[in-house]
Amino acid sequence: MALDAKGARPNDLSALWMPFTANRQFKKAPRLLVAADGMYYRDIDGRQILDATAGLWCVNAGHNRPRIVEAIRRQAGELDYAPGFQMGHPKAFELASQLRDMAPEPYQHVFFTNSGSESVDTALKIAIGYHKMRGEGGRTRLIGREKGYHGVNFGGISVGGIGNNRRFFGPLLPGVDHLPHTHLIEKNRFTRGQPLHGAELADDLEDIIATHGADTIAAVIVEPMAGSAGVILPPKGYLERLREITAKHGILLIFDEVITGFGRLGASFAAERFGVLPDMITLAKGLTNGVIPMGAVLVTGEIHDAFMQGPEHMIELFHGYTYSGNPIASAAGLATLETYREEGLFERAAELESYFEEAVHSLRGKPHVIDIRNMGLVGAIELEPIAGAPTKRAFSAFLKAFEKGVLIRTTGDIIALSPPLIISKAEIDRLVDTLGEVLEEIE
Ligand SMILES: Cc1ncc(COP(=O)(O)O)c(C=O)c1O
């Protein structure tokens with residue numbers, strides 16, 4: 001079993017500048033993982049750590065899955081790399097077909113990227129290009145939402161709405177507006193599933209349209225369930241309204257499903273779970289079970305076809321990445337989808353939802369807890385911030401949970417749970433019991 005692997009302890013941590021990490025704190029007390037199998041990591045001290053975050057919301061089928069490992073091994077020895085510009089290889093086409101078959105009917109085409117950030121910037125560019133191709137080149141404005149997370153590239157941080165991710169990086173893209181967020185804790189506290197209050201916030205889109213004119217707006221992008229800002233669920237009726245308003249004004253609607261895709265909410269995509277179909281869906285993470293970087297954008301036939309004009313020898317979309325549809329990533333993607341299908345993991349997530357819901361809501365009443373939210377296999381426990389030291393309490397919870405052998409994730413003062421879809425009821429119990437202890441013990 002891979003968990004037996006022993007990792008050599010690095011004796012110098014200074015060269016690596018770690019992403020989204022408190023580098024100085026980390027390097028004083030490093031948390032190093034050396035192996036993973038199923039629901040568990042093993043750290044460098046040989047401790048078993050329950051993975052309650054599916055890595056970073058990506059290892060939906062759990063770790064070290066034989067079909068995926070074998071597919072990568074085999075592909076590396078067969079066709080390691082093939083250029084994706086003006087050339088192709090069979091597995092990228094097969095993976096695109098399988099994604100099309102898995103997705104709701106409007107999505108007929110797939111553009112491959114290598115990450116969620118790239119998927120987002122690709123979708124934004126396709127949106128603007130689509131209008132240009134149809135003779136509406138004035139539609140260049142993009143609308144995101146406060147607290148939205150759409151990765152870290154310039155397009156994504158421009159439409160994104162997390163202050164720290166934007167404010168160090170200059171003026172960003174011009175012509176971007178933001179809808180209000182829907183984190184209405186006073187009204188929706190301790191809601192199970194979709195909250196009742198806040199659908200009317202979608203109507204702010206009408207105001208933005210009235211200010212600029214619909215003929216200047218290319219697209220609206222939202223996460224159907226905001227993950228990174230701390231699990232903010234769409235109020236009942238909210239996504240429907242966004243869809244109605246965008247359709248009425250000829251504006252494209254993009255769902256960023258980098259987190260919600262591939263079973264996280266108990267359905268293939270959040271679009272299905274909520275019954276609202278956008279014009280494009282951005283994906284990454286669970287597409288390859290997090291094992292190899294890969295992302296994708298699903299687009300409707302109408303969007304794709306708008307580009308298929310002009311002489312046939314001409315490139316239709318001047319966009320793509322060296323690794324778009326990389327053979328090893330494609331092989332990993334195919335094996336991942338097969339694992340999901342074979343083990344019925346999306347259905348399993350749906351079946352476990354009510355057990356998971358009961359479990360996380362049992363933490364109501366524990367110290368510091370001011371809200372709990374959940375859907376599918378996602379849970380959030382929001383803590384009262386320490387006055388004058390925001391994020392400190394949740395970070396202490398993260399460190400304490402790790403000490404107790406459970407990996408959770410925190411954002412602001414919110415604990416976010418997103419375990420692999422293979423989690424057992426006993427492991428859910430252990431997770432919640434540990435969190436209960438953590439909340440009792442932290443300041
Ligand atoms: C909704 C959403 N979009 C985009 C991204 C960015 O993905 P990546 O880190 O693969 O670039 C993330 C990552 O968490 C995400 O949650």
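Leaving aside neighbours within four places in sequence, which residues is I157 in contact with? I started my notebook with that question, and I note here that the model is a predicted one.

**Entry 1: I157**

I looked up the contacts of I157 and found V152, N165, R166, F169 and L172, with neighbours up to four places away in sequence left out. I then placed I157 in the chain: I157 sits in helix α6, which runs over residues 154–159. I counted 25 other C-beta atoms within 10 Å of I157. The cut-off for a buried residue is 20 or more, so I157 is buried. I also checked I157 against V120, which is 37 residues away in sequence. From C-alpha to C-alpha, I157 and V120 are 9.9 Å apart in space.

**Entry 2: the two domains**

I next looked up how the chain is divided. Domain 1 is made of two stretches, 2–64 and 345–441, and domain 2 covers 69–343. Taken over C-alpha atoms, the centres of domain 1 and domain 2 are 26 Å apart.

How many residues of domain 1 are in contact with domain 2? I found 31 residues of domain 1 in contact with 30 residues of domain 2. On the domain 1 side, the elements that give two or more residues are α2 (54–57), α14 (345–361), β11 (369–375), β12 (378–383) and β15 (414–417). The largest share of that side comes from α14, with seven residues. I sorted the domain 1 side by class and got 16 nonpolar, nine polar and six charged residues.

**Entry 3: α4 and α13**

Two packed helices are described by the angle between their axes and the distance between the axes. I looked up both values for helix α4 (residues 90–102) and helix α13 (residues 327–343). The angle is about 35°, and the axes are 9 Å apart. The crossing of α4 past α13 is left-handed.

From α4, the residues that take part are K91, A92, E94, L95 and Q98. From α13, these meet P327, S330, A331, G333, L334 and L337. By class, the contact of α4 with α13 has six nonpolar, three polar and two charged residues.

**Entry 4: the largest nonpolar core**

In soluble globular proteins, nonpolar side chains tend to be buried together. I looked up the largest nonpolar core here and found 122 residues in it. Those that touch the most other members are A127, A219, V220, I254, M280 and L298. Helix α13 gives the most to this core, eight residues.

Not counting residues up to four places away in sequence, M280 touches A123, I126, L252, I254, V297, L298, V299 and I303.

**Entry 5: two residues with positive phi**

I looked up V231, which is not a glycine but has a positive phi of about 60°. V231 is in the loop between β7 (217–222) and α10 (238–248). Is V231 buried or exposed? V231 is buried, because 26 other C-beta atoms lie within 10 Å.

Phi of N289 is positive, near 60°, and N289 is a residue other than glycine. N289 is in the loop between β9 (280–283) and β10 (295–300). With 27 other C-beta atoms within 10 Å, N289 is buried.

Definitions and conventions. Residues numbered from 1 in each chain as written. Predicted model: local features only at pLDDT ≥ 70, side-chain atom pairs only at ≥ 80, totals over all residues. Domains from an automatic or database assignment. Contact = placed C-beta atoms within 7 Å. Helix = DSSP H or I, 4+ residues; strand = E, 2+ residues; numbered from the N terminus. Nonpolar A, V, L, I, M, F, W, Y, C, P; charged D, E, K, R; others polar. Axes fitted to C-alpha atoms, helices over the stretch in contact; angles between N-to-C directions. Left-handed = near helix turned anticlockwise from the far one by under 90°. Buried ≥ 20, exposed ≤ 12 C-beta atoms within 10 Å, placed from the backbone. Core = buried A, V, L, I, M, F, W, Y, C linked by C-beta atoms within 7 Å.
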